Amino acid sequence: MTIRTENLTKRFGGLTAVDQVSLEVNDEIVGLMGPNGSGKSTFVNCITGVHAPSAGHVYHHEEEITGAKMYEIAQQGVARTFQTPHIFGSLSVHENVMVPLLNTSRDRAEIEALAAEYIELVGLDHLIEEEAQSLSGGQKKLLEFARCLMRDPDVVFMDEPFAGVHAEIKTTMNDRIEALREDGTDFLIVSHEVNSLYDISDRINVFDQGRLIVSDTPERVQDHERVVEAYLGGATE
Amino acid sequence: MIELDGLRAGYVKGIDVLDGVTATFESDRISSIVGPNGAGKSTLLKTIYGFADVNEGTITYDGYDLTEYSPSEMLRDVGIAYVPQERSVFPELSVHENLKLGAWTIRGDETRTEAAIESVYGQFPALDEKRHARAGTLSGGQQRMLEIGRSLLTDPDIVFVDEPSAGLAPDLSENVYDSIDRLREQSVTVLLVDQNIRAAVEYGDDLFIMEQGQVVANEPTDDMTDEVEDLVSEWISAKGEIA
Amino acid sequence: MANWLVGAALESTRNRVLSVLAVLTLLVLLIGPFFRGIPIISQSFLFYLMFWTGLALAINVVFGFTGYIPFGYFAFYGVGSYGFAMSYLHLNVPLPVAVLVGGAFGLVTGVVFLPMFRLEGIYFAIANFAGAYAIRIAINLTPDDLTGGATGLELASAYAPLQSYYAVLVVTVGVVLVTAWLLRSRLGVMLMAIRDDPIAAETSGINRGRIRSYAWLLSTVFAGLYGAIDAWNTAIVDPASSFDVLLSVKPLLYAIFGGPGTLLGPVLGAGSLYFVDTLIWRALPLGSYLLTGLVLMLVVLVLPRGIIGELEYRKLSLSGVADGLAEFWNRVVS
């Protein structure tokens, strides 16, 4: 079981953003969808160490990582990307991708070569010496994606990877994700673009108001009444 | 009424979030704008208000060319108020101080300011009870009401509300929608962006459906109550085959 | 190490020119004490030129690479000078060893200050200053025979300006080399990454606290060394002058003026401003403060990236320099 959460809960003051969510990611690409404010991003943040959960547990290969620090979780092979890409603006594309391995004992030349490989993989090799700040939004997302693969993670959490990117970049990302899946990397992808999600996911989880309401195949999720309810918003009582 | 014609707009040069929007929002009615994520609903309000760049097309209101006005001028000169999606109360200031700031553009006229604030307290008794409480200590719903109340101080003709109930529990939402309902009674035109489609249909008069940067349908809400379920089903279903 | 240095020096035309200039400067400094009769350029002038340049570079390791502003930097200079004085007077260690003891005092005090990094921005700056000032006051309360209390210690027997001159030369060459290394090393890249986007750095597996502490301690060691050597040069330590806040403000100003986060920046900044400072001091003893204020305004208004920063921003070409001067003029005039 690559990732397993048990009654994961996160409260901010009076608001329960994530409400006792138990789900698993194992040998698959899992999609995560749900209306705005349903707790999807917060859930991913709780697993990857951005927030410490208020209650519940997170297990990575059955070892508890609940509340661990972001860098510890990253070092253990749990990678993630952000809705707005976090990149090192003043460093070159090449240096950006090298960063995750710089505080390991690996040889500098080795790190440079590996980074160049990943940069080519995402199609940014023609920009390899450019300052990262000058890249477009979609290119920055690809850059962040390449960087997060450097430590050879066994699972990658992606928050809105397709939002605001051109079709070609979407295709590149999709192809890479599928290829990595075949090599054994698991994915959990949060997205509003349900079409892209259905295409790529083995299974879809649907959140509503912090709770996991449906977990099923893409075909069945679309027709599921509870899912339509969630997006309708429910009456105001 | 506000008329949009062929509106193309965005935040970054070269990328149009609004892809040719044509629509008419009638006065003294609540217009609800709904659509899937990324359709451009928030951007529509922001663009009309001046927070995003218009690349092509026109926005007119009763003869005013709205593209000429900056956001602060919209409130002061045109009479359109804006309640954004994000929290916009000043948490360290009291409810009363928040309201006084909302009356900034009429602050020279003390009598008018006081009368306006008392009127807001009349409409929102919950705020009256908490006059001197720090705004940050109010519940989410009360803060939203404060934001709406604050927007009314300068006696605007039109109010834009972006996601009235986002992040609010259902019982708190009801209060917020009731207060929006009362606005119509005072001849205030309301443009509402809402992802809660049921509420948008229940409280709105006219429904505008946006998809991918365009308004694709526009019906009175009374005609739409049965169809919204199908609409949402369509939004979440795959277009074409699943691989 | 030597290979790397030579490699870097020969890397580009710019580097070759700078390396030649650096070697020439080094030669001039080596024979500096033996100049006679040149106005202004006395041994003392050269000593303090190196001193301030070195401190600017050392504080740059924290400020330029991590973005934290250590207003309490004078504490490390101060404990370094006291470490030097006490080990010499009470333990009779040879003077060069006493200098190293000063550096060690800087290191240990730096470790004590590490928890402050949990604070952000201005809170860190204030806490840093408060901690440093507390040390200064604490010294007043210590036994007279240990630290000289409020009056301080006198080291007449240690006075050896020629030796302390070459000591400051060695340490300054050291801090220049360390900065050059840092700019290209893994540690340097990680520090710049942390500064650019702390969240991206953490998700990349970087323990921000630990990496940052390496830069911090490097910086405090050098401050301690400089404190020790200055005590050697002046033969006096006392709470007021060893913990003078100008020892934080001036290096920061020089680094900011020249261009933080670079090697050339603090060197240029310190070099030019110290020179001007000396000229002013001869005419107007309190002019130092006036100058500091004026330069501060200048930087904030016109050169927010520092000289080197602005030049790099405009890509250091002749047309770039011309454009830069034109814009500078516009901003001053408007």
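Student: In S3(A), which residue does A:Ile3 stand opposite?
Tutor: The model is a predicted one. Strand S1 (residues 3-12) of chain A is joined to strand S3 (residues 24-25) of chain A by two bridges, and these strands run antiparallel. The residue opposite A:Ile3 in S3(A) is A:Val25.

Student: Which residue is the bridge partner of A:Thr5 in S5(A)?
Tutor: S1(A) also pairs with strand S5 (residues 55-60) of chain A, in the antiparallel sense and over five bridges. Within S5(A), the bridge partner of A:Thr5 is A:Val58.

Student: In the hairpin of S1(A) and S2(A), which residue takes a positive phi?
Tutor: Four bridges pair S1(A) with strand S2 (residues 15-21) of chain A, again in the antiparallel sense. One of the bridge pairs is A:Phe12 with A:Leu15 in S2(A). Two residues lie between the strands of this hairpin, and the phi near 60° belongs to A:Gly13.

Student: How many residues of helix H1 of chain A are buried?
Tutor: Helix H1 covers residues 40-48 of chain A and is mostly covered. Its buried residues include A:Phe43, A:Val44 and A:Ile47, but also A:Lys40 and A:Asn45. After the helix comes A:Gly49, with a positive phi near 90°. Of the nine residues in H1(A), the number buried is eight.

Student: Is A:Ala163 buried, exposed or partly exposed?
Tutor: A:Ala163 sits in the loop between strand S8 (155-159) and helix H6 (167-182) of chain A. Being buried takes 20 or more other C-beta atoms within 10 Å, and being exposed takes 12 or fewer. A:Ala163 has 18 of them within 10 Å, so the residue is partly exposed.

Student: Leaving aside neighbours within four places in sequence, which residues is A:Ala163 in contact with?
Tutor: In space, A:Ala163 is 9.8 Å from A:Gly137, C-alpha to C-alpha, although 26 residues separate them in sequence. A contact is judged on C-beta atoms, which must lie within 7 Å. With the sequence neighbours left aside, the contacts of A:Ala163 are A:Gln83 and A:His192.

Student: Which residues have the most contacts inside the largest nonpolar core?
Tutor: In soluble globular proteins, nonpolar side chains tend to be buried together. In this model the largest nonpolar core has 227 residues. For A:Ala146, contacts beyond four places in sequence include A:Val97, A:Tyr118 and A:Leu124. The residues with the most contacts inside the core are A:Ala146, B:Ile180, C:Ala85 and C:Ala193.

Student: Why is one side of S6 and one side of S10 in chain B left without a neighbour in the sheet?
Tutor: Chain B has an open sheet of six strands in the order S6-S7-S8-S3-S9-S10, with mixed pairing. Strand S6 (80-83) and strand S10 (214-220) of chain B stand at the edges, so one side of each lacks a neighbour in the sheet because each has a single partner strand.

Student: In S10(B), what is the bridge partner of B:Ile209?
Tutor: Strand S9 (residues 206-211) of chain B pairs with S10(B) in the antiparallel sense, over six bridges. In S10(B), the partner of B:Ile209 is B:Ala217.

Student: Of the two pairs of chains in contact, which chains share the most contacts?
Tutor: Chain B and chain C are joined by no contact, and their closest C-alpha atoms lie 20 Å apart. Between chains A and B, 22 residues of chain A are in contact with 26 residues of chain B. By class, the chain A side has ten nonpolar, nine polar and three charged residues. The pair that shares the most contacts is chains A and B.

Student: Which element gives the most to the side of chain C that touches chain A?
Tutor: Here 16 residues of chain C are in contact with 18 residues of chain A. Helix H9 (186-196) and helix H10 (198-203) of chain C are the elements that give two or more residues to the chain C side. That side has eight nonpolar, four polar and four charged residues. With six residues, the element giving the most is H9(C).

Student: What distance separates the centres of domain 1 and domain 2 of chain C?
Tutor: Chain C is divided into domain 1 (1-34) and domain 2 (45-257). Their contact takes four residues from domain 1 of chain C and seven residues from domain 2 of chain C. Taken over C-alpha atoms, the centres are separated by 25 Å.

How values were computed:
Residues are numbered from 1 along each chain as its sequence is written. Chains are lettered from A and ligands numbered from 1 in the order in which they are written. This is a predicted model: local features need pLDDT of at least 70, side-chain atom pairs count only at pLDDT 80 or more; totals for chains, interfaces and linings use all residues. Domain bounds come from an automatic or database domain assignment. Ala, Val, Leu, Ile, Met, Phe, Trp, Tyr, Cys and Pro count as nonpolar, Asp, Glu, Lys and Arg as charged, and the others, Gly among them, as polar. Two strands pair if DSSP finds at least two bridges between them. A nonpolar core is a set of buried Ala, Val, Leu, Ile, Met, Phe, Trp, Tyr and Cys residues joined through C-beta atoms within 7 Å.
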